[in-house]
Amino acid sequence: MFICRRFVQIGTVFLVLAGCANTAPSGSSQAQTPPKAPAGVTPIRIGPAQPTGEPPAALTAKGTLRPEVKAFAERLAAERNLPLAPIEQALTEARYNATVARLIAPSPPGRKIWRSWNTYRARFVEPKRIKWGVEFWQENQALLNQAAQRYGVPASIIVSIIGVETLYSRNMGSFSVLDALTTLAFDYPDPNKPERAEMFRGQLADFITLSLQDKLDMNAKGSYAGAIGMPQFMPGSIMRYAVDGDGDGHIRLNSSVNDAVMSVGNFLVEHGWLRGLPVFAPVLLPADPSALATGGLTPTQTWRTLQAAGARVSAGASTESWQDRPLGVVDLVEEARGTVQYRTATPNFFALTQYNRSYFYATAVADLAAELETRMGR
């Protein structure tokens, strides 16, 4: 993904990310008490370390766990009623990933990254993504209709998110999630942002917990930030929002389209998606609406305040579903040109920003969804 107006780009995803939402990457976790591991926990499925050329991520030169890592393991075991030995085993096997650290690292001082909505949009609202999105929709039409009925999230939005995140499972990431999260939890490349390392420690804790509960494979692959599967959920989001869509007793976001589709719908509803509401309100804003774009990820305007500033409803547009809802004016910038596109967003737009905390991301999802609806004759 790209860069949003007040948040940090980390290559192809954002902090905070997708799959990821809440207080961390796409599909990240909030501070909630996770479920305890059942009695007789299945041993973690992790083989011997593969020769990667990288050093262990959590060990001292003497081959013992670093003090901060050992403290993390002991706290995790105690707080979540998990066995300590397999936690320490997993951390012992984790390898430092220099590529992950490089991709997350901040840009060099003095290097200007120009934010460009048009460039960002062109990356996602593109012919191949539209073509594959139509195919995905056609192949899974009954499932998507079921999800739309259950959650009130249109099929087009769910299809769009999966397309933006992973090109319909074509690019789910090839990084060891354990290695990536351990690297970022204990060797985050920007020492000025300790809160980022702490956030990744939370994601690592959730990942290990799910693995010990036999809900995730400790050898799982994902993005360099630790996002997993077709919808690129972070471990915290898998723990709290993922759904067993096919009813087989397991949640497999990397191989089950049912699980992925239903999980996206559930995530959005849990983050404020409202049935029947558009993403953008059909509003004509005044000539200079810059004062109305207050930023942030919560709608703070009302239709009355927008009207007082000179906004009006587009000709022929319906007003029934959105005028009584909180609204927000979002700005989509072309920094190099000094231009801005403004749109009036409903709570459903801000639900999308909880998936990836970026105005660019949420708008690209909405625009791709609109293109898919057109192609599907909706």
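# Briefing: annotated site, cores and aromatic pairs

The UniProt annotation "active site", from an unreviewed entry, covers Glu-165. The structure is a predicted model. The protein has 14 helices and eight strands. Of its 378 residues, 55% count as buried. The accessible surface comes to about 16200 Å², and 49% of that belongs to carbon and sulfur atoms.

**The annotated residue**

- Glu-165 sits in helix H7, which spans residues 155-166.
- Glu-165 has a relative accessibility of 10%. The cut-off for buried is under 20%, so Glu-165 counts as buried.

**Nonpolar cores**

- The largest nonpolar core holds 102 residues. Leu-91, Ile-157 and Leu-268 touch the most other members.
- Helix H14 (residues 359-375) gives this core its largest share, 10 residues.
- Ile-157 touches Leu-268, Trp-273, Val-279, Leu-352, Val-365 and Ala-369, with residues up to four places away in sequence not counted.
- A second core is separate and has 12 residues. Among them are Ala-281, Val-283, Leu-285 and Leu-327.

**One face of helix H4**

- Helix H4 covers residues 117-124. Trp-117, Tyr-120 and Phe-124 are buried there.
- Viewed down the axis of H4, the buried residues fall within an arc of 65 degrees, so they line one face of the helix.
- An α-helix has 3.6 residues a turn, so residues three or four places apart point the same way.

- Asp-214 is not a glycine, yet its phi is positive, at about 60 degrees.
- Asp-214 lies in the loop between helix H9 (194-212) and strand E4 (221-222). With a relative accessible area of 31%, Asp-214 is partly exposed.
- Gln-232 also is a residue other than glycine with a positive phi, near 55 degrees.
- Gln-232 belongs to the loop between E4 and helix H10 (235-241). At 6% relative accessibility, Gln-232 counts as buried.

**Aromatic pairs**

- A search of the whole structure finds 17 aromatic pairs.
- Phe-72 and Phe-186 form one of them, with ring centres 5.5 Å apart and planes at 80 degrees. Planes over 60 degrees apart count as edge-to-face, so this pair is edge-to-face.
- Phe-72 lies in helix H1 (residues 67-80) and Phe-186 in helix H8 (residues 177-186). The pair therefore ties together parts that are 114 residues apart in sequence.
- Both partners are covered: Phe-72 is buried at 4% relative accessibility, and Phe-186 is buried with a relative accessible area of 7%.
- Phe-175 and Tyr-224 form another edge-to-face pair, 6.2 Å centre to centre with 75 degrees between the planes.
- Phe-175 lies in strand E3 (residues 175-176), while Tyr-224 is in the loop between E4 and H10. This pair therefore ties together parts that are 49 residues apart in sequence.
- Phe-175 and Tyr-224 are both buried.

**Aromatic cluster**

- One aromatic cluster is formed by Phe-233, Tyr-241, Phe-267, Tyr-355 and Tyr-361.

Key
Residues numbered from 1 in each chain as written. Predicted model: local features only at pLDDT ≥ 70, side-chain atom pairs only at ≥ 80, totals over all residues. Heavy atoms only, no water. Helix = DSSP H or I, 4+ residues; strand = E, 2+ residues; numbered from the N terminus. Buried < 20%, exposed > 50% of the residue type's maximum accessible area, 1.4 Å probe, protein only. Areas by Shrake-Rupley, 256 points an atom, 1.4 Å probe, with all protein chains shown as cover. Core = buried A, V, L, I, M, F, W, Y, C linked by side-chain atoms within 4.5 Å. Contact = heavy atoms within 4.5 Å. UniProt positions renumbered as here; feature names shortened; annotations may be inferred. Arc of directions from axis to C-beta. Phe/Tyr/Trp six-rings, centres within 6.5 Å; stacked < 30°, edge-to-face > 60°.
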